[in-house]
Amino acid sequence: MGDVIFALSLTLFAGLATGIGSLIAFFTSTTNKKFLSISLGFSAGVMIYVSMIEIFVKAKDSLVSEMGEQPGYWVTVIAFFGGMLVITLIDKFIPKQGNPHELKKVEDMNRPPSEIKEQKLMRMGVFTALAIGIHNFPEGIATFISAMEDPGLGIAIAIAIAIHNIPEGIAVAVPIYYATKSKKKAFKLSFLSGLAEPVGAIFAFLILMPFLNDIMFGVIFAAVAGIMVFISLDELLPAAKEYDEAHDSIYGLIAGMAVMAVSLLLFI
C-alpha cells in the first residue's frame, strides 16, 4: 500500500504543475523563453530516452518470457503503436480551438481589453482545460504504472510530465483571465485540468491493477512507451522550438537524455 500511495503522490505532483503555470502567468511580466525551451526539450529527452531504452525493453522482456520470442516481440510493437493511436484519437476528437498545443505567453496577460472577445476566450479556455485534462488522463496511468514497477523510473517520468504541464497551465489561465478578469477563476480551472493526472492513476489502480499479470504489464508498459514518445514528438519538441531562440531546445533534449541515462546507470 505504501508503493501505491507513493505512485499516486507522484501523479498528483505532476498534474498540479498546471497550477504552477497559471501562477507564473500571474506573477511574472515576461515569458522566460530560454528557460521554457530548455525545460521542454529536457522533458522530451527524458521521455524519449526512458521510453525507448528502458520501458520498451522491459515490456518486450516481459512479453517474450511469457509468449515466446517472436509473438512477444510482435505484441510489444503492436502495443507500442497502439499507445500512439490512443493519443492520436484523443487529439482528433478535441476541438481545434481547445488544442493544448496552442501556446500562450505571459505577456498576453497585459493586452488591452479592446483586443479581447470575452465569450470566445472563455470558451477557448474551457476547451483548453478539457483538452489538457483528457491528455493528462493517460499520462497519469503511465506515471502510476511506471512508479509501481520502478520508483526511480516513476520519479523521472513524473518530473518530465510536470515540466511540460507548466506551459499548459499558462495556456488555460491566459484566456480565462481575459474573459473573467478573475485570477482566482483562471487559477482554479488551470489547477483542475491537472487533476486528471491522479484520476488516471486511480483508474489504473482500481481497474487495471487487479488484472495485472506479466502479459498485461508488458502490453501496458509498451503502450506507455508509445504514449510518451508521441507526446514528446507531437507536443513537447514543437513547443520547445516555438520558444527557442538558438539551439536551446536541442541542448535541453540532449541534457534530458544524458540525465536519464546516468540515472538508469546508477540504479543498475
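Okay, let's start with α6 and α7: G169, V172, A173, I176, Y177 and T180 in α6 meet K183, K185, A186, L189, S190 and S193 in α7, where contact means heavy atoms within 4.5 Å. By class that's six nonpolar, four polar and two charged residues.

Quick caveat: this is a predicted model, so local features need pLDDT of at least 70 and side-chain atom pairs 80 or more, while totals for chains, interfaces and linings use all residues. Numbering runs from 1 along each chain as its sequence is written, and side-chain values use heavy atoms, with hydrogens and water left out.

Back to the pair. Helix α6 covers residues 151–180 and α7 covers 183–194, and they pack at about 150° with axes 8 Å apart. That makes them roughly antiparallel (over 145 degrees).

Now over to α4, residues 69–93, where T76 sits. Is T76 buried or exposed? Buried, at a relative accessible area of 0%; the cut-offs are under 20% for buried, over 50% for exposed, and partly exposed in between, with a 1.4 Å probe and protein chains only. Leaving out residues up to four places away in sequence, T76 touches F56, A59, K60, L63 and A222.

F56 turns up again with Y73: ring centres 6.5 Å apart, planes at 55°, so a tilted pair. For the terms, Phe, Tyr and Trp rings (six-membered ring for Trp) pair with centres within 6.5 Å; planes under 30 degrees apart are stacked, over 60 edge-to-face, the rest tilted. F56 is buried at 13%, and Y73 is partly exposed at 37%. Together with F80 and F81, these two form one aromatic cluster.

Technical notes: Axes are lines fitted to C-alpha atoms, for helices over the stretch in contact, and angles run from 0 to 180 degrees between N-to-C directions. Helices (H or I, at least four residues) and strands (E, at least two) are DSSP runs, numbered from the N terminus. Angles under 35 degrees count as roughly parallel, over 145 as roughly antiparallel, 65 to 115 as roughly perpendicular and the rest as oblique. Ala, Val, Leu, Ile, Met, Phe, Trp, Tyr, Cys and Pro count as nonpolar, Asp, Glu, Lys and Arg as charged, and the others, Gly among them, as polar.
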